[in-house]
Amino acid sequence: MSKLTQAEKDSLTGATENRSAELEDQGAAPAKLGAVFPSYARYDISLVKGKGSWVWDDQGNKYLDFMCGLAVTSLGHAPEKVGAKLKAQIDTLWHVSNLFHIPGQDRVAALLTGNSCADQVFFCNSGAEANEAAIKLARRYHQKVKGTGRYEVITFEQSFHGRTLATLTATGQQKVKEGFLPLPAGFKTVPLHDLPALKEAISENTAAIMLEMVLAEGGVLEVQQEFLDAVVELCKEHGLLLIVDEVQTGMGRTGKLFAHQHYGIEPDIFTLAKGVASGFPAGVMLGKGYLREAFSPGSHASTFGGTPLAAAVMEATIETMLEDELPQRAAEMGQYLTGLLGEKLADTPFVKEIRGKGLLIGIECQSPVSDIVLAGQKQGLLFVQAGPNVIRLLPNLYVSKEEIHQAVDILSELIHTYANKENGEAGS
């Protein structure tokens, strides 16, 4: 583990004591989760503090964070400008109903539409809600504006769109659907990059095609430009809406503010969450102006979407990202990170491929990597999987070259050690 300075120890002691006191006040013993549904396979680590690229646990251990809360804390932990704006808003106004105008929403919407192809914005609380709103908008546009009965959405295998009933049905991974039957009607899933299968799936009921530019949860798989161009043409030919799920790839993560900007396309609808609010719960669904009529008053709503608090955090996050040119920095640091990984791991056939865009990077290996993830935690490095055989790296967009070298040195040693172990077992 990384050694702590005395200042870090003092700060951490205070954070740990506060956490223990909170648990005692609730009548719960520290480190017990008996009253919480066991729906998460949690690591045996309790994180209590974060700053920049680093987090600390309640045992005094310090970790280099290459997970970012799954692409959420893209400005690093506890960014000062965002924190200052949130604190100022806390002293002013927390919540009002969306039946009133919320000025902060207008400012955030202007930032987003002014830097994208979108004209309209709907605020919600998560990526799943943003994708749910996108699906509803597509259906309602066809049924209420165009006067057709279209309702089906085509998605792709290995995709991930959320865990509401509609979005888990849209997700192209069977594991998220187990035990939730019957699933809602109106979804078809086809293999990625299989153009004949996609064409066959389109029918008179098809309303939209929904996809990610990089299938992050599905293995950090990039969509091929040629296939995407064909998808755009099919949408035009059949009058379908193109929905791009940017929940993980949006907000500078891939080296552009939005990942679809790499491909020269303009989706009818796209969605954001994760990196849009630095860890505050927020989601956004954005669409073209011709979709405005579909979401008329009363058609869709969210009690907590775009509250004054959420709007303040989103505004500060987006302003910081634009002012500091973080998408460009993500492109540069991503190239530096993949280059260094390529150098350090070139000698091991255990690594099949290093891929990704910007600071969304996948290392595909010959066998499952869960043990490597756990070993990384013991060495003070946090990262995550993307499917059984892929290591996913998601550092914050301010990550330094020094921090990249630290992470790559640890990861390279872990992978080489594990590969040698695998080879030894195979040869025995």
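Residues are classed as buried when their relative accessible area is under 20%, as exposed when it is over 50%, and as partly exposed in between, with a 1.4 Å probe and protein chains only. The model is predicted, so that local features need pLDDT of at least 70 and side-chain atom pairs count only at pLDDT 80 or more, whereas totals for chains, interfaces and linings use all residues. Residues are numbered from 1 along each chain as its sequence is written, and side-chain values use heavy atoms, with hydrogens and water left out.

Helices (H or I, at least four residues) and strands (E, at least two) are DSSP runs numbered from the N terminus. In helix H10, the buried residues are Leu-326, Pro-327, Ala-330, Met-333, Gly-334, Leu-337, Leu-340, Leu-341 and Leu-345. Viewed down the axis of H10, the buried residues fall within an arc of 145°, the arc being that of the directions from the helix axis to the C-beta atoms, and they therefore line one face of the helix. The face of H10 turned away from this buried side carries the exposed residues Glu-332, Gln-335 and Glu-343.

Gln-143, located in helix H5 (residues 127–145), counts as partly exposed because its relative accessibility is 38%. With residues up to four places away in sequence not counted, Gln-143 touches Thr-148, Gly-149, Arg-150 and Tyr-151, contact meaning heavy atoms within 4.5 Å. A polar atom of the Gln-143 side chain lies 3.0 Å from the backbone oxygen of Arg-150. The C-alpha atoms of Gln-143 and Ala-294, which are 151 residues apart along the chain, are separated by 8.8 Å.

Conventions:
A polar contact is a pair of N or O atoms within 3.5 Å; within protein, one must be able to donate a hydrogen and the other to accept it, and residues adjacent in sequence count only if both atoms are side-chain atoms.
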